[in-house]
Amino acid sequence: MMEYKYYRELKHNYLVFEDKSKEGESRYQYKIAESGRIKGLVPLTERSINGDKFLYYEINSMQSLGDRFASSGMNAAQVKSLLTDIKDVLEGLSEFLLGEEGIVFNSRSIYTDLTSGACRFLYCPFYDEGKSFSEFAMELLELVDENDREATELVYRLCEQSAAFGDFIYEALEKTLAEEACEAEKNTYEEKQEESFTESFDMTDAEDVTDSFDDYEEEEGERRLKSSGKRLGGKLQLLFSLMFFCLVGAMVYIRMNYILSNEENMLSIFVMLVSVVTGVVALVGGFKELRGGVEAPGKGKKTRELGEDEMYSEEDISYGGEEDDFGYEEDYDFVKPARAESSFTKETALCGETVVLDEIRSEGIALFSRNLDKTVRIAFDKLPLTVGKMEGCVDKVLSDMSISRMHCRFVSDGGRVAVIDLGSTNGTYKNGLKLLPQQKTYIDEGDEIRLGRVCFDCR
């Protein structure tokens, strides 16, 4: 298992490994990696401390893949960029006769430059974790954006090719990118075909279709008007209802004066039920038609009854559609009754009664800033939660100059909330003590958490 630690020196962040190689072993690899000739590698320096040798990887303005895409998953363009960067760094290694086994492939050891978006890789010749590239491809499935179908399909394709080619990483990448290029070319061809079909459509034909549709709408409207004019009038519907009720009476007379068979008995009951239902419907419809033809004076206006103790004057009542004190824009007919049981004044109508709200309680603890112009609240209802000033990469944006682009992350561990510094420039502090990068520290109610210069109270 490869052991490492984070170290900060002035304004530089380092990932430090102890050199476990034997004397004279891997000297050529170290010199090439330290020279910076291979693009895409994390800058490396070798230091000797008390006779022990250490490798210092400078990770300024960088975040590991696991931290960078913990909040927002990788999209298709970012996955393609990652695979292209891996391919380029392998080609660079081959130019200097270095094997690809020295590259550390896991989400914690591949870094993303937050400034350029390019990926940087650790080259460690004595790397002995024995993790295969196919396992790294499976890790990418957890970092990819599930809603991005193209990105998900690309990672699945990488998993298939890495499993098929085994230790031949370059061949797996080349095959995956080639299939992706073919798929993209196919989609582009289909889009061009669709565009050409759209352009070939004659606009005059489109106008003819529009005119025909307009004519159809006019004819349909006329047909509906004629159909509505042919509806039965109210009197005719009442006549039909009378006929159905007479039919019911006739059936009752037959049943009382004649002996019927079982079939005739069931048939007569069915006819009576249908006649009763139809007659009631016709009766109600007829009365509605008759009432709809004659509208009483003042119908359509809203009425409001007021009590004797009401304070309205004639000036308070608005006419002609103007908005009144109640917010209505319609006319009213005010009718004064004999006396209302309770008084209703104009002031009561305007103010209304006071409603008692339930007390709002927040579950769990949260952070509240106390040295900003406007109080900022960081809730822990959805964890993990990444805080920083780089919008699109973090869950909570703090636009303060002392905050790093990806400053820290709050996580849930065993029902408790913990904070992890992500190698921030100005550090993360708990009760005045600076936290080490990537070190999990639990926080409780009453603690003071400081991010850069911004102080938060945990309560």
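Predicted model: local features only at pLDDT ≥ 70, side-chain atom pairs only at ≥ 80, totals over all residues.
Residues are numbered from 1 along each chain as its sequence is written, and side-chain values use heavy atoms, with hydrogens and water left out.

## Overall organisation

The chain has 10 helices and 20 strands. These elements are DSSP runs numbered from the N terminus, with helices being H or I of at least four residues and strands being E of at least two. Of the 459 residues in the chain, 34% are buried. Buried means under 20% relative accessible area, exposed means over 50%, and partly exposed lies in between, using a 1.4 Å probe and protein chains only. Among contacts (heavy atoms within 4.5 Å) between residues at least 6 apart in sequence, 57% join residues at least 24 apart.

## Nonpolar cores

In soluble globular proteins, nonpolar side chains tend to be buried together. A nonpolar core is here a set of buried Ala, Val, Leu, Ile, Met, Phe, Trp, Tyr and Cys residues joined through side-chain atoms within 4.5 Å. The largest one has 51 residues, and those with the most contacts inside it are Y57, L82, I86, F121 and F136. Helix 3 (residues 76-95) gives the most to this core, namely 8 residues. Leaving aside neighbours within four places in sequence, L82 is in contact with L65, M74, I110, C119, F121, F136 and L140. A second, separate core has 19 residues, including L385, L398, V419 and I449.

## The largest pocket

A pocket is defined on a 1 Å grid over the protein atoms alone, as an open set of points where a 1.4 Å probe fits, with protein on both sides within 12 Å along at least five of seven lines; lining residues have an atom within 4 Å of a point. Grid points are joined across faces, edges and corners, and the volume is the space filled by probe spheres set on the points.

The largest pocket holds about 380 Å³ of space. It is lined by 29 residues, of which N13, S61, G423, S424 and T425 are the closest to its centre. Strand 1 (4-9), strand 2 (12-18) and strand 5 (62-64) are the elements that give two or more residues to the lining. By class, this lining has 12 nonpolar, 12 polar and 5 charged residues. Ala, Val, Leu, Ile, Met, Phe, Trp, Tyr, Cys and Pro count as nonpolar, Asp, Glu, Lys and Arg as charged, and the others, Gly among them, as polar.

## Selected polar contacts

A polar contact is a pair of N or O atoms within 3.5 Å; within protein, one must be able to donate a hydrogen and the other to accept it, and residues adjacent in sequence count only if both atoms are side-chain atoms. The table lists three examples.

| Residue and atoms | Partner | Distance |
|---|---|---|
| D400 side chain | S402 side chain | 2.5 Å |
| D395 side chain | S71 side chain | 2.8 Å |

D400 is found in the loop between strand 13 (396-397) and strand 14 (408-413). D400 counts as buried because its relative accessible area is 11%. Apart from neighbours within four places in sequence, D400 is in contact with L372, K389, R453 and V454.

D395 has its place in the loop between strand 12 (385-388) and strand 13, and is partly exposed at a relative accessible area of 38%. The C-alpha atoms of D395 and L385 are separated by 5.8 Å, although the two residues are 10 residues apart along the chain.

T152 belongs to helix 5 (residues 149-165) and is buried, with a relative accessible area of 18%.

## Backbone geometry

Most residues other than glycine have a negative phi, and most peptide bonds are trans. The peptide bond from L383 to P384 is cis, with omega near 5 degrees. P384 is in the loop between strand 11 (377-379) and strand 12.

L97, in the loop between helix 3 and strand 6 (110-113), has a positive phi near 60 degrees. L97 is exposed, with a relative accessible area of 77%. Q438 has a positive phi near 65 degrees and is found in the loop between strand 17 (433-434) and strand 18 (440-443). Q438 counts as partly exposed, at 23% relative accessibility.
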